[in-house]
Amino acid sequence: MQLSHTHRSLSASFDDPNLVSSAGLVPVMALAAKTGLSTLVDEWVKLPGYFGANAGMKVMALVAGMLTGADSIDDMAVLRHGALRKLFTGTYAPSTLGSFLRAFLFGHVRQLDAVASRWLGNLAAVTPIVAGIDEYALVDIDDTIKEVHGHQKQGAGFGYSGVRGLNALFAIISTGLSAPIIVACRLRKGPTNSARGAAKFVSDTLAAVKRLRNPTATGLLLLRADSAYYVSAVITAAIRAGAMVSITARLNSLVKAAISTIPDTAWIPIKYTNAIFDDTTGQWISDAEVAEIPFTAFGSKKKSEQVAGRLVVRRIPELNKTVAAGQGALFDLFRFHAFFTTSTLNTVDADKTHRQHAVIENLNADMKASALAHFPSGVFTANAAWLVLACIAFNLTRAAGTLASPTLGKAVTATVRRKLINVAARVSTSARRITLHLPEHWPWEEGWTKLFTSACSPPGRAAT
């Protein structure tokens, strides 16, 4: 592609009051209104003072800015251009939205958490973002360090990653039919231990998940996590909430002793890197193998902290790439990866399901490439509120994608934003009717139209 040479001159001017750069905000924000986001904020979030007024409208403005790609308070100026004021009310100045965020205290952030949880139930009632949750629900928790710069960020410090940042804890849920959505989040100080407060977080998360499921649902509900959450309080909290667990076990003396008792005949080859399926035997030919053994987690602690289950172990040959020719090892050495589980899945399926916990890393990357590219304020509670709003924006984007097409329902935020949200349009009005004129031959016109038709239809009655 190159510039056209058929015209003798080229000029540009910012002078059209009827254009908008993000016409996709119309159906997406209509979906947010349809599911009662603004109403819930006004009901639950009680910020004092001048900047706490119209909290619902300000939250909607912040979420709208995040949907277009804003990752700082100054970026919220994207809402104040062209004909956006013809389409929306409450296009606040960035300074007003920044003051609103800084008015949050810890209790107000928890109020916003309550809004996010209840709104997610409304969203699930009108979009298929948790399709199949009654039969199969996988909940993953993990934390990530978001790097910050300077010494004025409250709570910033050096955590396990070795960089100065703040610690964001996420819980996501995915099913066999739907891509992950965020159920809960918490912002913590940078140096925080991963398991700090995790038991309460798990309880809150699973309570929210149960509200998304039918009360009579009996399908699998499984909590997955890495070894940072291999603590008695976390596992006990999950079991009390009615979930099974699949959590990577630390290779301590008890786990190593249990692994040493697994007989050689118990190991089963699995589909792993470079595995080949043998049609004759119906088995995988693979270097990786799995086995399981009954195991009581935290056996060295008091009985009330012990949890009965099984230990599923994957072993992989430890290859010495520097060995000289003819100097091979006298016996095989293996690397062992063990996880503790209370699920009823068979050994191979349990291992495959546990390895899919890595899906939460995609979520971490997606958030850091979107609204979580920065923590925009020096005030910790303002950043905590920003995190909750970023999660709301993520779930809203996911819901919009599911309404547009099955493919976009599983796409990352940047893809949905590029195809559905950041599309230019000219706004015209006639006889009190507003019409959006979008680009001809837009490649994703069909999906955008489906989203618009679904979101802008007369509102149904959403549960509260």
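Let's start with S22, which is buried at a relative accessible area of 5%; buried means under 20%, exposed over 50% and partly exposed in between, with a 1.4 Å probe and protein chains only. S22 sits in the loop between β1 (19-20) and α1 (25-34); helices (H or I, at least four residues) and strands (E, at least two) are DSSP runs, numbered from the N terminus.

A quick word on the ground rules. This is a predicted model, where local features need pLDDT of at least 70, side-chain atom pairs count only at pLDDT 80 or more, and totals for chains, interfaces and linings use all residues. Residues are numbered from 1 along each chain as its sequence is written, and side-chain values use heavy atoms, leaving out hydrogens and water.

Now over to strand β12, residues 307-317, where eight of the eleven residues are buried. On one side, β12 pairs with β11 (residues 289-297), antiparallel over nine bridges; strands pair if DSSP finds at least two bridges between them. Eight bridges also join β12 to β13 (residues 334-341), again antiparallel.

What about charges? By the rule of a Lys or Arg side-chain nitrogen within 4 Å of an Asp or Glu carboxyl oxygen, there are twelve salt bridges. One of them joins R310 and E292 at 2.5 Å, N to O, linking β12 with β11 across 18 residues. Another joins D351 and R314, at 2.9 Å. D351 lies in helix α10 (residues 347-355) and R314 in β12, so this pair ties together parts 37 residues apart in sequence. Both partners are buried. D351 also meets R355 at 3.0 Å, four residues away in helix α10, about one turn.
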